[in-house]
Amino acid sequence: MKVPYNWLREYVDIPYSPEELAQRLTMAGIEVGSVQIFAPLDENFVAGRIEELLPHPGAKNLQVVKVNAGNGILNIVCGAWNIKKGDMVALALPGAVMPGGKEIQTAEIKGVISKGMLCSAGELGLDIVQEEEGILIINEECSPGTRLTDILFINEPVLELDLTPNRADCLGLLGVAREVAAQTGGKIKLPVVEVEEKGRDIRELTSVEILDPELCPRYTARVMEGFKIAPSPLNMQLRLLSVGIRAIYNLVDVTNYLMWETGFPMHAFDYDKLEKGRIIVRCAYPGEEIVTLDGVNRTLDPEVLVIADDRVPVGLAGIMGGEYTEITSTTTRLLLEAACFNTVNIRKTARKMNLPSEASQRYEKGVDPEAAIFVQNRAVRLIQETAGGEICRGIIDNYPRPYSLPRINLRAKKVKEVLGYNVNEEEITGILGRLGLEVEADPQPSEMTGREAPAGAVFKVEVPSFRRDLYEEIDLIEEIARIKGFEKIPLTLPEGVLTSGRPSRERRILDKFREALVGCGLQEIITFSFMNPRLFDELDLPPADFRRNAVKLQNPLSEEQGVLRTTLIPNILQVMQYNFNHQVDNQLVFEIGKVFIPAEKDHKLPLEKVMLSLALSGKMPPNDWQNHPRPLDYFYLKGILEALLGSLGIKKYGWTAAQLPFLHPTRRAALVVNEREAGFLGALHPAVQEKFQFKQDVYLAELSAEAFINSASLIPSFKPLPRYPSVLRDVAFIVPEEVSAGDILQSIKECGGGLLEDIRLFDVYKGSQIPQGYLSLAFALTFRHSERTLKDEEIDEIQGAMEKFLHEKYGAVLRKL
């Protein structure tokens, strides 16, 4: 936001220099990034009056101009032909330094001495509009010899504000003036807005219909006719140029001028090009098109709010008007729009259409809904002053959602608690009053004026519509601190009871996760907590899947980050996809992060759960002359998870069948820890793999950290080396095909009791020696007693009980040679 210093002084008295003002605003939280000089011209540039024009004796394309420079008549050789006797022009005297660095000197041009130069706007570095190209004609009242810096809006200090997003009120000079007035104790000087209306009643000419009040809570319109389109006054053009806006012609320049003055964007339509003169604020129809002022044909969708006439859209609401209804040199009547639009919708549309603008920037942050009538009256008055014309009687104000001024209770006790020093009652009401807030003190009697406010005093503060960033009591306390000066806050050492801190159990378990997985050769990744809801479709999740019930963001940065994630799988797959695209084929990655489950009741924050996800693909270890890499597969991933469980001291776990649509139907399983499902692992389904354009198999796992919190052991345990020998037995059971090896293994563990030290499945066989519908599972068993040597009879007894149990439960039969 650029703030010309002398333009700002029209609305408030400023007792500081531009540099001092910049420092004070910065210390009050309105950061000033820089102070630049617009159009720096020295005192050798003056106004000169043309007294006589004579032909040049040696050149037909030149003329000798006698110019009154205030202290005498100068002969100037000039090649421009847009000047005449009596014109006041821009004159560079000898010694003047042009914007390009050239110094003007007395020179002889084809035999005639020229003592200076008549300057065009371009030569002075000013990009303005004139009725005729050539020498800059000064229409301002002045006498010959007056310095241009005293006549024109040049050599102007311009403060560039780096505003925070919440200070939309300072996107207009009147808002900045309020800040200065609050600093100085002065009063803001509002522009005159009284207007004289003539002609027909506006209701006979137009109507305004709002079909979606949620997206357009207020729309006002005025109609003018009989004006003359021409370049704006020179100083209005220079003011616009000082803030980076190039002048076009008076009608358009007034709307830009008002936007900078008030922070309220406006738009002017050619009234005669509006079908039936109507304005309808609605959402676009699917496939509807509009050619905007930049000449681009744009296809719209129902999420785009448009300003339409009785037939077609004539503008993108709050962003850009349509080419068909733009003001041209043939316009005889205009309709002025001053409206309020939904901030989120404007931001989405501006991003979708790639049309950022000064207007959309202000609408995105929110404009003052109560200022619409003030802005309308100010605009038609300025148009009348610069272009003439008549203002039609009346104003249309369609206001279906009136703004309700919020009221906040401010406790004097809380002010002292937060700031650390006393602020008296008079100061509190004075500061808030200077900021434009209505303050009503607690009705309890108090004779403490000038002293600190009573501890129990409560101020009822009504927040004006232009300060929509003030919601809570703490916001008001911040305003008091800003205006009094942050430097007034006393320096104090923090007080409190020191305690020895240590990581929580959950934190230590998560650190164990990282330590174990990094030890297995995996790399940790970190992704955003947001995701694209389209990824649920790519995972083939059914409509009723709980993962689809995601928290939607009201104002996402992009569609790719539209919802809070309910699973880590989509994000880790996108990382794999990115790495594959960059020729990284061997990947072992994991992520520890939160997922967000919507609350069951409204107005509650979502449930946050810490999850662990893993993904593998390719071969390990890297190929070299000693090692031959082997493909990473389902069992490699399962081994990593078992190593993780071992590092956490978890022994009571198992694997069960899993039903997940994005995993391969024959290579997937669920992990159960202490009879509670803790997660899943498996190979990515070929259909999903194709959607992500993976050319090699990918293996995934996702675990809930919560399942390990109570089961994990953080205390290292020691087990001495065995003193007595072990007994090894290999057994093979013929079982029905539908019986899982995991169930058999778990049953053998239960039968073996404390003497079964280890069990390992080493063979699965299905062939001619096995009956149809059955398979053979072979296990290696290790038995050991910690205090004596085991006897064969003891092992035989355990094995016999094992055979009986498995036969009764699963129909298993011991396979014999």
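At 52% relative accessibility, E303 counts as exposed (exposed is over 50% relative accessible area, buried under 20%, partly exposed in between, with a 1.4 Å probe and protein chains only). This is a predicted model, where local features need pLDDT of at least 70 and side-chain atom pairs count only at pLDDT 80 or more, while totals for chains, interfaces and linings use all residues. Residues are numbered from 1 along each chain as its sequence is written, and side-chain values use heavy atoms, leaving out hydrogens and water.

**Salt bridges**

- The count comes to 55 salt bridges (a side-chain nitrogen of Lys or Arg within 4 Å of a carboxyl oxygen of Asp or Glu).
- E303 joins up with K352 in one of them, at 3.2 Å from N to O.
- That pair links distant parts of the chain, 49 residues apart.
- K352 is partly exposed, at 40%.
- R467 and D169 also meet in a salt bridge, at 3.9 Å, and this pair spans 298 residues.
- Both R467 and D169 are buried.
- R467 and D169 also belong to a salt-bridge network, along with R167, E179, D469, E479 and R482.

**The sheet**

- Three strands make an open, antiparallel sheet in the order β1-β10-β2 (strands are DSSP E runs of at least two residues, and two of them pair if DSSP finds at least two bridges between them).
- β1 and β2 stand at the edges with a single partner strand each, so one side of each has no neighbour in the sheet.
- β1 pairs with β10 over three bridges, and K2 stands opposite E160 in β10.

Key: Helices (H or I, at least four residues) and strands (E, at least two) are DSSP runs, numbered from the N terminus.
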